[in-house]
Amino acid sequence: MAITPAADPQLVLLRHGQTEWSASGRHTGLTDIPLTAAGVEQAGQAARALAAYEFAAVYTSPRDRARRTAELVGHPDAVVDADLAEWDYGPVEGRTSKDLSGMLGHDYEIFADGVRVLPPDPERSGGSPGELLGEVRARADAVVARVEPTLAAGGNVLVVAHGHLLRVLATAWVGTDPRLAARLELGTAAICLLGHGHGLRTIEGWNLPPTS
């Protein structure tokens, strides 16, 4: 069922469809993993959910899984924005939270612990130490600044990206601590609606399944 657009312009967030690593809970940052067959179907469902929208601008992460999702949603010419890339997980890349909890001896939570909990690993993210949460938030702030003129002019904007990046982007939108993103679950191909109300930036819909 299609989502009905609001009367006022919205920033619409779309997480990419399922991949093998997202299905198994592995942190997927720089690694390019293709969509699964289920992920392709999810993207098709998202296209139908968003069919009533007209977008003045569409942006996508440079990762193939996001670009493919944008294409399947009907936007093959989406503008590639490096600020929409997923968190550089560094040594955490490819590991699950359960794996990390066992290695560290306590429950691992990325928004509290960050990714520099292990030494850089040349076999993961090219030996990168990984980004700090503040660095991810700075990229999200840049995206918000980039889309604001289009929204102010009355156009809707679609952003196709990744779970953790989009959760941080929501905190940038409402101006809260990026650690609040830990409370914002986001499934694959889920849709979020950001807008304005009473002079404030608001979250109008969150983690809407693509079959909404």
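Here is a short chat about a predicted model and the labels given to parts of it.

Visitor: Why does serine 125 count as buried?

Guide: Its relative accessibility is 15%, and buried means under 20%, so serine 125 gets that label. You'll find serine 125 in the loop between α5 (110-113) and α6 (133-152).

Visitor: And why is asparagine 207 called partly exposed?

Guide: Asparagine 207 comes out at 31% relative accessibility. Buried would need under 20% and exposed over 50%, so asparagine 207 lands in between and counts as partly exposed. Asparagine 207 belongs to strand β6 (residues 200-208).

Visitor: What makes the phi of serine 125 worth a look?

Guide: Serine 125 has a positive phi, about 55 degrees, without being a glycine. Asparagine 207 isn't a glycine either, and has a positive phi of about 55 degrees. Most residues other than glycine have a negative phi.

Visitor: Now the rings. How many aromatic pairs are there?

Guide: The structure has three.

Visitor: What makes tyrosine 53 and phenylalanine 55 a stacked pair?

Guide: Their centres are 5.4 Å apart, and the limit for a pair is 6.5 Å. Tyrosine 53 and phenylalanine 55 are both buried. Elsewhere, ring pairs join Trp87, Tyr89 and Phe111 into a cluster.

Visitor: How do you know that arginine 201 lies over the face of tryptophan 173?

Guide: Arginine 201 sits 4.9 Å from the ring centre, and the cut-off is 6 Å. The charge must also be within 35 degrees of the ring normal, and arginine 201 is listed as lying over the face.

Visitor: How do you know that the span of helix α2 is close to what's expected?

Guide: Helix α2 (residues 37-49) has 13 residues, and at 1.5 Å a residue the expected span is 18 Å. From first C-alpha to last, α2 reaches 19 Å, hence "close".

Visitor: Which residues of α2 are buried, and what do they pack against?

Guide: They are Gly39, Gln42, Ala43, Gly44, Ala46, Ala47 and Ala49. These buried residues pack against β1 (11-15), α3 (64-73) and β5 (191-197).

Visitor: Last stop: what lines the largest pocket?

Guide: That pocket, about 440 Å³ in volume, is lined by 23 residues, with Arg15, His27, Tyr89, His164 and Arg167 nearest its centre. α1 (20-24), α5 and α7 (163-174) each supply at least two lining residues, and α7 gives the most, with three.

Technical notes:
Residues numbered from 1 in each chain as written. Predicted model: local features only at pLDDT ≥ 70, side-chain atom pairs only at ≥ 80, totals over all residues. Heavy atoms only, no water. Helix = DSSP H or I, 4+ residues; strand = E, 2+ residues; numbered from the N terminus. Buried < 20%, exposed > 50% of the residue type's maximum accessible area, 1.4 Å probe, protein only. Phe/Tyr/Trp six-rings, centres within 6.5 Å; stacked < 30°, edge-to-face > 60°. Expected span 1.5 Å × (residues − 1). Contact = heavy atoms within 4.5 Å. 1 Å grid on protein atoms, 1.4 Å probe; cavity = no way out; pocket = protein on both sides within 12 Å on 5 of 7 lines; lining within 4 Å. Points joined across faces, edges and corners; volume = space filled by probe spheres on them.
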